[in-house]
Amino acid sequence: MTEVIAVACVIESSLTLAAEWPQVQMEYIVPLLQRLGESHQTPAFRIACVSYGTADTMPTPVLSKVFFSPPQTMIKDMREDPQKLGIGQTDSGGGYGMAALEGLVAAIELFDTLKSSVETAMSCHLIHFASTPPDPAERPMWNVSMALDSVTWDTFPAELKKRGIYYSNVLLRQIPRFTELQAAAAVGPVQSPWFTGQSDQAARIAAQRSQSVQNYNPLPSSLPPSSLPPSPPLHNPHLLQQ
């Protein structure tokens with residue numbers, strides 16, 4: 001059976017990360033995807049992308065949310081038109097940091113939508129690229145699913161685990177919050193990178209369990225098997241409730 005390898009790239013939109021983006025693609029993204037492909041007999045990649053800015057970014061700190069699709073288009077956009085994905089659209093957040101929790105929760109929502117629409121074996125990976133610490137926000141404000149209203153940094157690892165999502169990160173500088181998140185979300189030992197990055201950067205790769213992840217399906221399935229729905233629209237249900 002063909003196994004879907006679903007990879008969501010969560011990328012901060014800072015100019016700092018954008019300046020290093022070509023190197024990040026070559027030294028991290030390509031090797032990561034190659035290793036994931038080698039670990040499955042008949043892989044079918046689907047790649048999504050979420051980029052996030054600062055909390056005061058208008059109209060929303062989630063600058064781009066592109067649903068899972070075959071890798072050719074996404075890799076092409078990452079390489080040739082990263083601004084289309086929101087990369088390099090904001091400064092480095094000043095002293096307040098970036099709305100990282102918003103971006104990570106948005107990625108979980110994409111996984112939930114995907115899992116509600118396909119009935120096949122699936123391996124889920126969230127890869128987080130960052131160079132700026134998160135802002136002080138403890139809960140998301142721009143999530144679509146009300147079930148994620150109460151997610152915090154402390155509970156986010158549990159949300160990943162119950163969905164069988166492996167969290168890895170590539171940090172262009174030391175960011176303790178994201179290092180702690182990776183450790184808390186790990187379901188096995190953290191792999192040492194098998195590729196060479198820059199000395200001032202860190203990559204923490206989640207080791208995948210050998211058994212299949214649990215079948216977590218948080219949404220009722222109303223779509224035919226193997227269909228891939230379009231990306232849901234961005235809106236703020238919290239504002240609608242006021």
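**Exercise 1. Determine which residues of helix α4 are buried and how they are arranged about the helix axis.**

Solution. The structure is a predicted model, in which local features require pLDDT of at least 70, side-chain atom pairs count only at pLDDT 80 or more, and totals for chains, interfaces and linings use all residues. Residues are numbered from 1 along each chain as its sequence is written, and side-chain values use heavy atoms, with hydrogens and water left out.

Step 1. Helices (H or I, at least four residues) and strands (E, at least two) are DSSP runs, numbered from the N terminus. Buried means under 20% relative accessible area, exposed over 50%, and partly exposed in between (1.4 Å probe, protein chains only). In α4, the buried residues are F156, P157, E159, L160 and R163.

Step 2. Viewed down the axis of α4, these buried residues lie within an arc of 160°, so they line one face of the helix. The arc is that of the directions from the helix axis to the C-beta atoms.

Step 3. The partners of this buried set are α3, β4 (122–130), β5 (165–171) and α5 (176–185). Just after α4, G164 adopts a positive phi of about 70°.

**Exercise 2. Describe the geometry and the composition of the contact of α3 with α4.**

Solution. Step 1. Axes are lines fitted to C-alpha atoms, for helices over the stretch in contact, and angles run from 0 to 180 degrees between N-to-C directions. The axes of α3 (residues 100–115) and α4 (residues 156–163) come within 12 Å and cross at roughly 20°. That makes α3 roughly parallel to α4; angles under 35 degrees count as roughly parallel, over 145 as roughly antiparallel, 65 to 115 as roughly perpendicular and the rest as oblique.

Step 1. Contact means heavy atoms within 4.5 Å. From α3, L101, L104, V105, I108, D112 and K115 meet F156, E159, L160 and R163 of α4. By class, this contact of α3 with α4 has 6 nonpolar, no polar and 4 charged residues. Here Ala, Val, Leu, Ile, Met, Phe, Trp, Tyr, Cys and Pro count as nonpolar, Asp, Glu, Lys and Arg as charged, and the others, Gly among them, as polar.

**Exercise 3. Identify the buried and the exposed residues of α5.**

Solution. Step 1. F178, L181, Q182 and A185 are buried in α5. They cover an arc of only 95° around the axis, which puts them on the same side of α5.

Step 1. On the other side of α5, P176, E180 and A183 are exposed.

Step 2. An α-helix has 3.6 residues a turn, so residues three or four places apart point the same way.
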